[in-house]
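Have a look at the sequence and the structure first, then come back for the details.

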Amino acid sequence: MTLKLYELVGTDENRPFSPFVWRTRMALAHKGLAAQSIPWCFTEKEAIAPHRSDKVPVLLDGEKPIVDSWVIANYLEDAYPDRPSLFGGEGGRAVGRMLNWWGDVTVVGGIFPRIVADIPGHLKPVDAAYFRKSREARLGKPLEEVTANRDKAVEGFRKSLDPLRLTLRSQSFLGGATPNYADYIVFGPFQWARVVSPFRLLEEGDPVYSWRERLLDAFDGMARQSPGHEV
Ligand SMILES: N[C@@H](CCC(=O)N[C@@H](CS)C(=O)NCC(=O)O)C(=O)O
C-alpha cells in the first residue's frame, strides 16, 4: 500500500494550505496512515488531469486516484475498516454529509472573504495571477476591496459559528470526547486561514478558539507544527 497526496502549496512546498487538503491530512492521521506529499500549485492542472481532477485533494492509493475530500474520507473509512473510524458508524457518516456542506458554505464561505487578499502573497507569480484573475471574476471586485471591512465583517462570521459554540458547551469535540471527521471538516478551513493569513478570526476565550487549539495539538501537534501564523 502506497498512499500519495497532492497538496496545494505556494512558494513554500512545506506550507500546504488548502482547507480541503487539511481535512484529508487530518483524516489520514486519524487512520494512522502515512501519505507521501506531492506538492501542487494552482496552474499545474496537467499534473492531476490524468486523475480526472482539476482540484486538490487527490489521493492515490497505489494506482487508484480518489478525488474530493469528502469522497476521500469515505474511501479511507471503507478501505481501512480496521483503523480508527472517521465517522463512528453509518449515522455519523450520514450526519457528516450535512456537516460537510455546512463546512463548505458557512465556514469556508465565511472565512474566504476575510483572508482572500492574503493568499496571492504566498503564491508564485504565475499562480498569483491565476488566483487573482479567477477569484476577482467570481467576486466582482478586487481582492483587497473584499477584505477591506474584515474587522467589522468578522463579527457576523463569529456569530455564524453559534451551532458549533453551543455544541462545545457539552462536549470537547464534534466527535464527542475525542475528535473525528466531523471536527476535521470544520477545522480544515481554520487551518487554511492560519497558514495564509495573520488575520485573527477567533477571539481568545471563545470555546471555538479552545476547540481549535485542541485540534492544533492533535496527532502530536501536526497542524500546529505546519508553518502558519500565530492567530
Ligand atoms: N469539494 C472539493 C473542493 C476542492 C477545491 O476546491 N480545491 C481547491 C483548493 S482549496 C482547488 O484545487 N482549486 C483549484 C483552482 O481553483 O483552480 C473537496 O472537498 O475536495
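Which residue lies over the face of Phe-173? That's Arg-214, sitting 5.4 Å from the ring centre; a charge counts as over a ring if NZ of Lys or CZ of Arg is within 6 Å of the ring centre and within 35 degrees of the ring normal.

A word on the ground rules. This is a predicted model, with local features needing pLDDT of at least 70 and side-chain atom pairs counting only at pLDDT 80 or more, while totals for chains, interfaces and linings use all residues. Residues are numbered from 1 along each chain as its sequence is written, and side-chain values use heavy atoms, with hydrogens and water left out.

**Aromatic pairs**

- The structure holds 12 aromatic pairs; rings of Phe, Tyr and Trp (its six-membered ring) pair if their centres lie within 6.5 Å, and planes under 30 degrees apart count as stacked, over 60 as edge-to-face and the rest as tilted.
- One of them is the tilted pair of Phe-42 and Phe-131, at 5.5 Å centre to centre with 40° between the planes.
- Phe-42 sits in the loop between strand 2 (36–40) and helix 2 (45–48) and Phe-131 in helix 5 (residues 125–139), so this pair ties together parts that are 89 residues apart in sequence. Helices (H or I, at least four residues) and strands (E, at least two) are DSSP runs, numbered from the N terminus.
- Phe-42 is buried at 9% relative accessible area, and Phe-131 is buried at 2%. Buried means under 20% relative accessible area, exposed over 50%, and partly exposed in between (1.4 Å probe, protein chains only).
- Phe-190 and Trp-211 make an edge-to-face pair, 6.2 Å centre to centre and 75° between the planes.
- Here Phe-190 comes from helix 9 (residues 181–196) and Trp-211 from helix 10 (residues 207–225), so the pair links parts 21 residues apart in sequence.
- Phe-190 is buried at 0% relative accessibility, and Trp-211 is also buried, with a relative accessible area of 0%.
- Trp-70, Phe-87, Tyr-181, Tyr-184 and Phe-219 form one aromatic cluster.

**Arg-25 and its surroundings**

- Arg-25 belongs to helix 1 (residues 19–31) and lies over the face of Trp-22, at 4.7 Å from the ring centre.
- Leaving aside neighbours within four places in sequence, Arg-25 is in contact (heavy atoms within 4.5 Å) with Leu-5, Glu-7, Pro-16, Met-222 and Ser-226.
- Arg-25 and Ser-37 are 12 residues apart in sequence, and their C-alphas are 9.9 Å apart in space.

**Helix 5, side by side**

- Helix 5 has 15 residues and reaches 21 Å from its first C-alpha to its last, close to the 21 Å expected (the expected span is 1.5 Å times one less than the number of residues).
- Asp-127, Ala-128, Phe-131 and Arg-135 are buried in helix 5.
- Seen down the axis, the buried residues of helix 5 fall within an arc of 100°, so they line one face of the helix; the arc is that of the directions from the helix axis to the C-beta atoms.
- An α-helix has 3.6 residues a turn, so residues three or four places apart point the same way.
- The buried residues of helix 5 pack against helix 4 (90–115) and helix 6 (143–147).
- Turned away from that buried side are the exposed residues Pro-125, Val-126, Lys-133 and Ala-137.
- Just after helix 5, Gly-140 takes a positive phi of about 75°.

**Strand 3 and its partners**

- Strand 3 (residues 58–61) points Val-58 and Leu-60 one way and Leu-59 and Asp-61 the other, and all are buried.
- Strand 1 (residues 3–8) pairs with strand 3 in the antiparallel sense over 4 bridges; two strands pair if DSSP finds at least two bridges between them.
- Tyr-6 has Val-58 of strand 3 as its bridge partner.
- Strand 3 also pairs with strand 4 (residues 64–67), antiparallel over 4 bridges; Leu-59 has Ile-66 as bridge partner in strand 4, and Asp-61 has Lys-64.
- Strands 3 and 4 form a hairpin with 2 residues between them, and Gly-62 in the turn has a positive phi of about 65°.

- The peptide bond from Val-56 to Pro-57 is cis, with omega near 15°, and Pro-57 lies in the loop between helix 2 and strand 3.
- Asp-68 isn't a glycine, yet its phi is positive, near 90°; Asp-68 lies in the loop between strand 4 and helix 3 (69–79) and is partly exposed at 40% relative accessibility.
- Phe-219 in helix 10 has a positive phi of about 50° although it is not a glycine, and counts as partly exposed at 29% relative accessibility.
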